[in-house]
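Please examine the sequence and the structure shown below.

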Amino acid sequence: METMELSHRSITIHNFSEKISDRLVHFHVMSLQDCFFLWVGHSARLCNLAVAMCSRFDSMPLSSQILGDKSDTTSSSFAQRLAKKTKKQVFASVNIPTNDSQLMLLIEKRIKEEIDSFPEKF
């Protein structure tokens, strides 16, 4: 009888904060096997949650809003871009006022820098 060895990867947590446009922004990454959860916000609250994953049928990852206002597509589009970059399933929650597009661009830039510096955390 052949023995199958399963590879179990534990959940890893990675937290970091950055002052962006005079606002302190907190980042929380929970990495699992082949996917990760990313929360971004000013204070500890979860107002929305989206998931995105790559598909062999489309170049743009599929996404869906799981929690929160369906008309606010910030987390969904954010999760799509991260899934496309990392080729992983991404759960994303962006809890930042969406009326500041410059802030969102800087937040996304900061996350990409973190992914490039610490790919094992994502």
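A contact is a pair of residues with heavy atoms within 4.5 Å. Among contacts in the chain between residues at least 6 apart in sequence, 52% join residues at least 24 apart. The model is predicted: local features need pLDDT of at least 70, side-chain atom pairs count only at pLDDT 80 or more, and totals for chains, interfaces and linings use all residues. Residues are numbered from 1 along each chain as its sequence is written, and side-chain values use heavy atoms, leaving out hydrogens and water.

**Fold**
- The chain contains two helices and six strands; helices (H or I, at least four residues) and strands (E, at least two) are DSSP runs, numbered from the N terminus.
- Starting at the N terminus, the order of elements is β-β-β-β-β-α-β-α.
- The C-alpha trace spans about 60 × 30 × 25 Å along its principal axes.

**Burial and surface**
- Of the 122 residues in the chain, 38% are buried, where buried means under 20% relative accessible area, exposed over 50%, and partly exposed in between (1.4 Å probe, protein chains only).
- The chain exposes about 7,600 Å², of which carbon and sulfur atoms supply 54%; accessible areas come from the Shrake-Rupley method with a 1.4 Å probe, and for residues only the protein chains shown count as cover.
- I66 lies in strand β5 (residues 58–67) and is partly exposed, with a relative accessible area of 43%.

**Charges**
- The mean positions of the 15 positive and 14 negative charges are 3 Å apart.
- Lys and Arg count as positive and Asp and Glu as negative, while His and the chain ends are not counted; each charge is placed at NZ of Lys, CZ of Arg, CG of Asp or CD of Glu.
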